[in-house]
Amino acid sequence: MFDQLFEHPFALARHRTGPLVEERSAFLTHLASQSYSRRTLRGKASDLLAIAHALGLARRPRKALTIGEITSTVGNQPPRFPLAVQWFQFLGRLQQHLAPLTLYEKKIKAFADYMANEEGFRPATIRRRCGVVKQFLNQVDPKSGSLHKITPGQIDMALQKLLDPGGYSPKTIQAIGDALRTFFRFAEARGWCRKGLAASIRTPRVFSQTSLPLGPSWDDVCRLLTMTEGDQRHNIRARPILMLLAVYGLRAGEVCCLRLEDFDWEHEVFRVVFSKTGRVRTYPLTRTVGDAILRYLQEVRPRLSHRQLFLSLKAPFQPVGSSALSTLVARRLQPLNITLPHYGAHALRHACATRLLAEGLSLKEIGDQLGHSDPNSTRIYAKVDLAGLRDVADFDMGGVL
């Protein structure tokens, strides 16, 4: 590996005679498989050699190290500390000293297991509810670990603070209250807290269809897609992402979970696993969206073992996550100078729904397109002013369905 990175005989000799030469070469080969540039690999090779000398690995070639040992010798600053940790993880020689779970953490873990094994909640829901519970418990009583001391008044005060000006919306508070109610109902059944605590939790009432989810107009969607034209790599990747969100109304997580094998190019269809229900839906692949995806695959996406469709643009290449995808959308919507409640990926889902309604589709058809399991989730779009939506500019994408 070193002869591919260094040409000067002295540099080659220095790297080949240093400690753990095979381990360093194997790790550099691993990094090269992730499409790091030659210049970056040379820098990492020099850092690895310095790390090996600093840790005295010539005297202990097979010793496992702890984070503390690496920090005390190498320091905790980039680039060498994270590189050392990554290297020893790759070698399987990093000792992980995990702190024992606190009493609260044990209860939250039991709650997570209950939701997964007995209630069948999806991982995203479990993470969200456990995060709500952990944040609440750390706020009201971070040390004792006993739920018996928690009172209805403490819960009311915590929820009221979230409603203060500049805080969360009533709908979000309702979701937080639902998570706490479910947890304390679980805790009551196991005798961890006082009886009736779950039933005492009150949240703001949210009236059905009090507001319309607002997204950009289809004119604005067209402007957004126009900004992705050209030969820049980030635009070539962004274009199919934005189309999948706006044309098909997919959720960010559903786009992130798309895999190469989900696309049947011969029959011009692709399949989506709905993130909330786990159901699978097959969609026709329009020519415009298919061309954008193919161009991304041919010109930008690195040929790696990852099966997810969309990967990061820089090494180490990893599948794109929901938060990164929403950030991508927000950064591209904001220059359009339009006012929206939110600028993330979900705004394009709302744009898709109102577009379909303007095209004359029924609420049942729109709900099926968006993957709604509850008709009430779609019914809110019936409040849209259809006359106004008829003025949306026509955008030829080969049909949206």
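The structure is a predicted model, in which local features need pLDDT of at least 70 and side-chain atom pairs count only at pLDDT 80 or more, whereas totals for chains, interfaces and linings use all residues. Residues are numbered from 1 along each chain as its sequence is written, and side-chain values use heavy atoms, with hydrogens and water left out.

The axes of α11 (residues 218–226) and α12 (residues 233–247) come within 10 Å and cross at roughly 165 degrees; axes are lines fitted to C-alpha atoms, for helices over the stretch in contact, and angles run from 0 to 180 degrees between N-to-C directions. Helices are DSSP runs of H or I with at least four residues, and strands are runs of E with at least two, numbered from the N terminus. In α11, W218, V221, L224 and L225 meet R239, L242, M243, A246 and V247 of α12, contact meaning heavy atoms within 4.5 Å. This contact has eight nonpolar residues, no polar residues and one charged residue (nonpolar: Ala, Val, Leu, Ile, Met, Phe, Trp, Tyr, Cys and Pro; charged: Asp, Glu, Lys and Arg; polar: the others, Gly among them).

For α3 (residues 21–32) and α6 (residues 80–91), the axes come within 10 Å and cross at roughly 100 degrees. These helices, α3 and α6, are therefore roughly perpendicular to each other (65 to 115 degrees).

Three strands form an open antiparallel sheet in the order β3-β4-β5, pairing requiring at least two DSSP bridges between two strands. The edge strands are β3 (263–264) and β5 (280–284).

Conventions. Angles under 35 degrees count as roughly parallel, over 145 as roughly antiparallel, 65 to 115 as roughly perpendicular and the rest as oblique.
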